[in-house]
Amino acid sequence: MWLTTKAMVRCQEYLDELNETAGRIDYGMVMQVHDELVFDFPLRGGRSMPKIRKLARLMAQGGDEIGVPTPVSIEYHPDDWSRSQEEPR
C-alpha cells in the first residue's frame, strides 16, 4: 500500500495543477479500492486521455523508485461505469 499511497500523493499534486489551470475544481480523485484509483474528469471526450495517461505514468513511477516494474492499466468510462473503453498496455 506504500506505493499506492505515494501514487495518490503524486496524482493529487497533478490534479491540483489541472484544477488551478482550469480555475475551478474539474478533476478529482474519487476513491481508492485495494490497488486501484478512480478519478473524475469533466465530460470532454478524448481530450482527457493525455491527462489520464499522465496519471498512469505517475502511478507506475513508484516501481521505478524500488527497481520493480509496476504496470498500470487504464479503464476509461466516458459516460458511466457500465460502459468502458480499456486502454491497451
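V72 sits in the loop that joins helix 2 to strand 3; helices (H or I, at least four residues) and strands (E, at least two) are DSSP runs, numbered from the N terminus. With a relative accessible area of 27%, V72 is partly exposed; buried means under 20% relative accessible area, exposed over 50%, and partly exposed in between (1.4 Å probe, protein chains only). Leaving aside residues up to four places away in sequence, V72 touches A56, M59 and A60, where contact means heavy atoms within 4.5 Å. V72 and E36 are 36 residues apart in sequence, and their C-alpha atoms are 9.3 Å apart.

This is a predicted model, in which local features need pLDDT of at least 70 and side-chain atom pairs count only at pLDDT 80 or more, while totals for chains, interfaces and linings use all residues. Residues are numbered from 1 along each chain as its sequence is written, and side-chain values use heavy atoms, with hydrogens and water left out.

The loop between helix 2 (49-66) and strand 3 (74-76) also holds V68, which counts as partly exposed at 40% relative accessibility. Together with L3 and I66, V68 makes a nonpolar surface patch of about 240 Å². Such patches are made of residues with over 30% relative accessible area and no salt bridge, nonpolar side chains (Val, Leu, Ile, Met, Phe, Trp, Tyr) being joined within 5 Å and like charges within 9 Å.

Salt bridges number 3, each being a side-chain nitrogen of Lys or Arg within 4 Å of a carboxyl oxygen of Asp or Glu. K6 pairs with E65, the closest N and O atoms being 2.7 Å apart. K6 lies in helix 1 and E65 in helix 2, so this pair ties together parts that are 59 residues apart in sequence. R10 also meets E65 in a salt bridge (3.2 Å, N to O). Because R10 belongs to helix 1 and E65 to helix 2, the parts tied together here are 55 residues apart in sequence. R10 is buried at 13%, whereas E65 is partly exposed at 42%.

R24 and D26 form another salt bridge, with the closest N and O atoms 3.2 Å apart. D26 lies in the loop between helix 1 (2-22) and strand 1 (28-33) and is buried, at 17% relative accessibility. R24 is partly exposed at 46%.

Confidence is given by pLDDT, the predictor's confidence in each residue, from 0 to 100. The chain mean is 85, and 84% of residues reach 70 or more. Among the elements, helix 1 has the highest mean (94) and strand 4 (residues 85-87) the lowest (56). Where pLDDT is low, the predicted coordinates should not be read in detail.

Terms used. Areas by Shrake-Rupley, 256 points an atom, 1.4 Å probe, with all protein chains shown as cover.
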